[in-house]
Amino acid sequence: MNSWYFSKDGQQEGPVTAAQIVALVNASALDPAATQVWREGLADWIPLTQSPVFAEAPAMPRPANSMAAVNPYMVSSSTLANSRAARPDMPLEYPGIGRLAYVLFAMVSGIVLYGILFVTILAAFKTGRGAGLALGTLFIVLLFFATSLYLGAKRVSNLGMSGWAVLWSFVPFMNIWIHWRMLACPAGYENHRTLDTPGKVVTGLWIGVLVLSFIAPLFSR
């Protein structure tokens with residue numbers, strides 16, 4: 001009963017919460033007078049201005065001269081484009097894991113899992129239990145694999161892609177492209193296709209490593 005649907009210009013979107021609808025109104029992404037809403041229990045769609053949405057939403061204060069951040073996945077691309085055209089300074093809040101958080105989470109999880117693997121191997125050698133070593137190693141590998149997939153899915157979602165795009169990591173050559181995106185591209189890159197300064201630096205280093213990996217064998221012969 002807490003989920004709402006809204007319709008604007010013939011497009012239905014949802015489910016969303018009352019607070020999310022109010023955030024869209026605050027960011028000028030929705031015009032209350034032109035928006036119809038519905039939820040389970042209502043006989044038909046009603047105007048947003050005549051609905052209990054604003055009464056249900058908790059207080060949402062915002063700083064002066066600023067707008068509430070909008071999750072761009074809550075609205076259609078046309079609604080978002082029109083809103084951004086009218087309010088180019090409207091902040092966007094993409095879901096998932098950002099670039100820096102992804103790198104930090106990946107590093108910490110890698111260190112922790114490798115530490116557990118080291119302890120498992122050391123304990124197996126001391127006790128002479130080879131079967132325990134094999135099972136422990138398999139468990140750590142599977143845990144590391146699952147953690148990497150989870151973080152990767154959250155990261156590509158933050159870029160504006162489907163979480164399933166992380167599976168490109170297992171495709172030759174495409175894995176280079178998807179890992180570059182996860183490490184270099186800022187939030188919403190799939191929508192705006194703009195690299196910021198950290199992204200450009202990472203891209204330069206990424207290209208340099210790739211070039212060295214191709215020419216290094218030529219000098220080793």
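Two strands count as paired if DSSP finds at least two bridges between them, and strands (E, at least two residues) and helices (H or I, at least four) are DSSP runs numbered from the N terminus. The model is predicted, so to speak "local" features need pLDDT of at least 70 and side-chain atom pairs count only at pLDDT 80 or more, while totals for chains, interfaces and linings use all residues. Residues are numbered from 1 along each chain as its sequence is written, and side-chain values use heavy atoms, with hydrogens and water left out.

**View 1. Strand β1 and its two partners.** Let's start with β1, which pairs with β2 (residues 11-16) through four bridges, the two running antiparallel. Here W4 stands opposite V16 in β2. Two residues separate β1 from β2 in a hairpin, and D9 in the turn has a positive phi of about 55 degrees. Strand β3 (residues 36-38) is also antiparallel to β1, joined by three bridges, and F6 stands opposite V37 in β3. Four of the five residues of β1 are buried (under 20% relative accessible area with a 1.4 Å probe, protein chains only; exposed is over 50%, partly exposed in between).

**View 2. L48 and T35 in contact.** Contact means heavy atoms within 4.5 Å. Beyond its neighbours within four places in sequence, L48 is in contact with residues including I21, V25, P32, T35 and F54. T35 sits in the loop between α1 and β3 and is buried, because its relative accessible area is 0%. Not counting residues up to four places away in sequence, T35 touches F6, S7, L30, I46, P47 and L48.

**View 3. A nonpolar patch on the surface.** Together, I207, V211, L212, F214, I215, L218 and F219 have about 750 Å² of accessible area in this patch (Shrake-Rupley method, 1.4 Å probe, with only the protein chains shown as cover for residues). L218 belongs to helix α8 (residues 197-219) and counts as exposed because its relative accessibility is 53%.

Key:
Patches are made of residues with over 30% relative accessible area and no salt bridge: like charges are joined within 9 Å, nonpolar side chains (Val, Leu, Ile, Met, Phe, Trp, Tyr) within 5 Å. A salt bridge is a side-chain nitrogen of Lys or Arg within 4 Å of a carboxyl oxygen of Asp or Glu.
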